[in-house]
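Here are my notes from going through this one. They are meant to be read with the model open beside you.

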Amino acid sequence: MLMRTDPFRELDRLAQQLMDPGTWSRPSAMPMDAYREGDEYVVAFDLPGVTADAIDIDVERNMLTVKAERRPVAKTDDVQMELSERPLGVFSRQIVLADTLDTEHIQADFDAGVLTLRIPIAERAKPRKISIGVGSGHKEISG
């Protein structure tokens, strides 16, 4: 159901995570799982520490874009940071969806730092039986 467009995307994602935090112009990739469950296609994104209001989901034609921002925790003057390993910044993922998915009825849920999108399989893509009509008899064509 998903179409991969860049074979080096995973390598770029790892390099970007190690190099610098994401910005709105150059966001970092976010990890995801994608699988089919019955008549739905499910895509789950890991977004720990991100609030629901910091997530933006867009669909244009068959391109799904998810952007999220993990903001720093508000600190007071008396806080001294000892260790900071959790990445901050903007995270983004674009997925090309197959034409067999119904992008008009995508459902999004956010729970425990996981954004789950459920995309129904389009009716035209589901298997169906074709009935065979039986004629009233054979007709002869004369010329």
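Predicted model: local features only at pLDDT ≥ 70, side-chain atom pairs only at ≥ 80, totals over all residues.

1. The protein has 143 residues, and buried ones make up 28% of them. Its secondary structure comes to one helix and nine strands. Going along the sequence, you read β-α-β-β-β-β-β-β-β-β.

2. On to the sheet that β4 and β9 belong to. It is an open sheet of four strands, ordered β3-β4-β9-β8, and the pairing is antiparallel. Which strands sit at the edges? They are β3 (32–37) and β8, each of which pairs on one side only. Direction ignored, neighbouring strands here are turned by 20° against each other on average.

3. Now walk across the sheet from the β3 side. Strand β4 covers residues 40–46, and six bridges join β3 to it in the antiparallel sense. One detail to check on screen is Glu 37, which stands opposite Glu 40 in β4. At the other end of the order, β8 and β9 are also antiparallel, with five bridges between them. Among the residues to look at there is Asp 111, whose bridge partner in β9 is Val 114.

4. Is β9 largely enclosed or largely open to the outside? Five of its seven residues are buried, so β9 is largely enclosed by the rest of the structure.

5. The hairpin of β8 and β9 deserves a click. It has two residues between the strands, and Ala 112 takes a positive phi near 55° there.

6. You'll find Arg 61 in the loop between β5 (55–60) and β6 (63–70). Is Arg 61 buried or exposed? It counts as exposed, because its relative accessibility is 75%.

7. A polar atom of the Ser 92 side chain lies 3.4 Å from the backbone oxygen of Val 66.

8. Rolling a probe the size of a water molecule over the atoms shows where empty space is left. The second largest pocket has a volume of about 280 Å³. Of the 16 residues lining it, which are closest to its centre? They are Arg 71, Pro 72, Val 73, Arg 86 and Leu 88. Sorted by class, the lining of this pocket is made of seven nonpolar, six charged and three polar residues.

Notes: Residues numbered from 1 in each chain as written. Heavy atoms only, no water. Buried < 20%, exposed > 50% of the residue type's maximum accessible area, 1.4 Å probe, protein only. 1 Å grid on protein atoms, 1.4 Å probe; cavity = no way out; pocket = protein on both sides within 12 Å on 5 of 7 lines; lining within 4 Å. Points joined across faces, edges and corners; volume = space filled by probe spheres on them. Nonpolar A, V, L, I, M, F, W, Y, C, P; charged D, E, K, R; others polar. Polar contact = N/O pair within 3.5 Å; in protein donor to acceptor, adjacent residues only side chain to side chain. Pairing = 2+ DSSP bridges. Axes fitted to C-alpha atoms, helices over the stretch in contact; angles between N-to-C directions.
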